[in-house]
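Hi everyone, thanks for coming. I'd like to walk you through a structure that may be new to you, so please have a look at it first.

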Amino acid sequence: MSTKSLPHFWFEPRPWIDGQWQTGGETVTVHNPATGAKIADVTRADAAAVRRAIEGAVKAQRAWREASAVERGNVLKRTAALLLARKDEFARLLTAEQGKPYAQAVGEIEYAASFFQWFGEEARRVYGRIAAHPEAGREYFVEHRAAGVAGLITPWNFPIAQGAKKVAASLAAGCSAVWKPAELTPLIALAVGPVMAEAGLPAGVLQIVPGRGSVVGGVLAEHPAVRVLSLTGSTATGSTLMAAGAPGIKRVSLELGGNAPFIVLPDADLDFTTEQLIRLKLFVSGQVCVTANRVFVHADIESALTEKLAAKLNAAHVGNGLEDGMDAGPLIHRQACTEVGAVVDQAVAQGARIVAQNRSYESDDTLRAGTFFPPTLLTCVRDEMKVARDEIFGPVIPLLRYTRVSEAVRRANETPHGLAAYVYGRDLAQCHAVARGIEAGIVGVNEWRPLKAEIPFGGIKQSGIGVEGGEEGIREFLEIQVISMPKPLIQDS
Ligand code: ADP
């Protein structure tokens, strides 16, 4: 078994403002969640540093928005190429800091690069229009223009991909951006700064300010130059940020929590469904807003599916993501393990049964200080249990029995969230009908990971406002200006 190492840092663990690493100030220690080993002390940006970052971004935006769309796009596309060329180094850093297995980390770097590539192309496709004026001799110019400075706030589960979606879209639109990564995973974000400089991004167009959510978020929300607040995080943080931005009438773009239903229809291919559901639930150890949170299984296939899921879950390799062949890593911190454990214990106390639990990481003594939670399969789960009502954010598969498909759809929609959903079955017409019946921003039919740069992704209900990706994603960072003009006449001199 070979263990990959942390790469040499090509960046410094400090705020990146106007193309410079900022010194001084309070620090926070980042640890590897698999082993507990210290990785770095990271300097936090305080309120004054965040204001400096915003003011630098205001100055840098003037030239950036006037650069041609082709030039802006080329910087983004070069960033994509550099990320792909260096994906091994980035992935090792990401695994060390976040805990996900190396192969998943490589996948995240490729996914991040795909957004730089996509928005690098989309930068050239911002079209205005000329509209008819009701009065003769006049016409309207409808223009989409960069909104200004964008405040970007990202979580720790996909610390580079969530940033890439926002950075690429905002910069393609001609905005400058101030990016606040999560406190637990700031390094991979800071690693992007010099790479974008190498790709040709002028200093100040992207400022990266690690720090406390309430401090950095507070300054971004109140500073008048910040015109868009884009957050991926919990619904509670989304609500707080919206309220903080309300006095300044900030635009918000919010990707928030989910409670995804995964409906297994009676005719589903059970081997295929098992393979896909286990992949989905082990992906980042279930710490994913679009992971399956409630698995609705038809009564006729419940025992057969349970048996297959248990066998597959027990065969998974759970351990240090820097070692070869891991299917799942640790949770992000001890508190996460405690919370997931409490939800499982409560479900069991209310009648749920644990039918499989994978503790394979326990055989590795180097992981004693790691924050692991055993992937767990639960049966006899009922809708009213906390494990089904709330987002679990851990590798727990709760099976809920249903007898009629319309009942499964109704129960799937009984949540304030509406982010992702999954439908598995052989009859595609039935799958499509079920997918249409579900209130969610994206539905994967016989597909565990439908998110791609090419499509708009966003939640409905309390799962968010706005979208990322697709041709729509750039609009979050554009505002409309209409100019009403007399039609110029030919002058004969
Ligand atoms: P998670 O539960 O995934 O950690 P959070 O919503 O707590 O989600 O965090 C997502 C991001 O929001 C992080 O970068 C965090 O620091 C930031 N954050 C937390 N509180 C606030 C706040 N009050 N204002 C702005 N950002 C915040």
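Let me begin with a question: what radius of gyration would a compact globule of 493 residues have, and what does the protein have? The rule for a compact globule gives a value near 23 Å, and the protein comes out at 24 Å, which agrees. Please keep in mind that this is a predicted model. Along its principal axes, the C-alpha atoms fill a box of roughly 90 × 55 × 40 Å. Buried residues make up 57% of the 493. If we take the contacts with a separation of 6 or more, 74% of them are between residues 24 or more positions apart.

Now to a sheet. Seven strands form an open sheet with mixed pairing, and the order is β14-β15-β16-β13-β12-β18-β19. At the edges stand β14, residues 353–357, and β19, residues 442–445; each has a single partner strand, so one side of each is left without a neighbour in the sheet. On average, neighbouring strands here are turned by 20° against each other, direction ignored.

β14 pairs with β15, residues 376–379, in the antiparallel sense over four bridges. Across that pair, Arg 353 stands opposite Thr 379 in β15. Helix α12, residues 334–349, lies across β14, β15 and β16, running at about 25° to β15.

The loop between β14 and β15 holds Ala 369. Is Ala 369 buried, partly exposed or exposed? Its relative accessible area is 45%, so Ala 369 is partly exposed. Leaving aside neighbours within four places in sequence, Ala 369 is in contact with Thr 35, Gly 36 and Arg 334.

Over to the other end of the order. β18, residues 420–424, runs parallel to β12, with three bridges joining the two, and Val 264 has Tyr 424 in β18 as its bridge partner. β18 also runs parallel to β19, this time with four bridges; there, Tyr 422 is partnered by Gly 444 in β19.

How many of the five residues of β18 are buried? The answer is five of five. Ala 420, Tyr 422 and Tyr 424 point one way, while Ala 421 and Val 423 point the other way. Helix α15, residues 428–437, lies across β12, β18 and β19, at about 160° to β18.

My last stop is helix α11, residues 302–315. Its 14 residues reach 20 Å from first C-alpha to last, close to the 20 Å expected at 1.5 Å a residue. Buried in α11 are Glu 302, Leu 305, Thr 306, Leu 309, Ala 310 and Leu 313. Seen down the axis of α11, the buried residues fall within an arc of 135°, so they line one face of the helix. In general, an α-helix has 3.6 residues a turn, so residues three or four places apart point the same way. The face of α11 turned away from the buried side carries the exposed residues Glu 307, Ala 311 and Ala 315.

And what do the buried residues of α11 pack against? Their partners are α10 and the strands β12, β13, β14, β15 and β16, which brings us back to the sheet we started with.

Key: Residues are numbered from 1 along each chain as its sequence is written. This is a predicted model: local features need pLDDT of at least 70, side-chain atom pairs count only at pLDDT 80 or more; totals for chains, interfaces and linings use all residues. Side-chain values use heavy atoms; hydrogens and water are left out. Two strands pair if DSSP finds at least two bridges between them. Axes are lines fitted to C-alpha atoms, for helices over the stretch in contact, and angles run from 0 to 180 degrees between N-to-C directions. Contact means heavy atoms within 4.5 Å. Buried means under 20% relative accessible area, exposed over 50%, partly exposed in between (1.4 Å probe, protein chains only). The expected span of a helix is 1.5 Å times one less than its number of residues. The arc is that of the directions from the helix axis to the C-beta atoms. The radius of gyration is taken over C-alpha atoms; the globule rule is 2.2 Å times the number of residues to the power 0.38.
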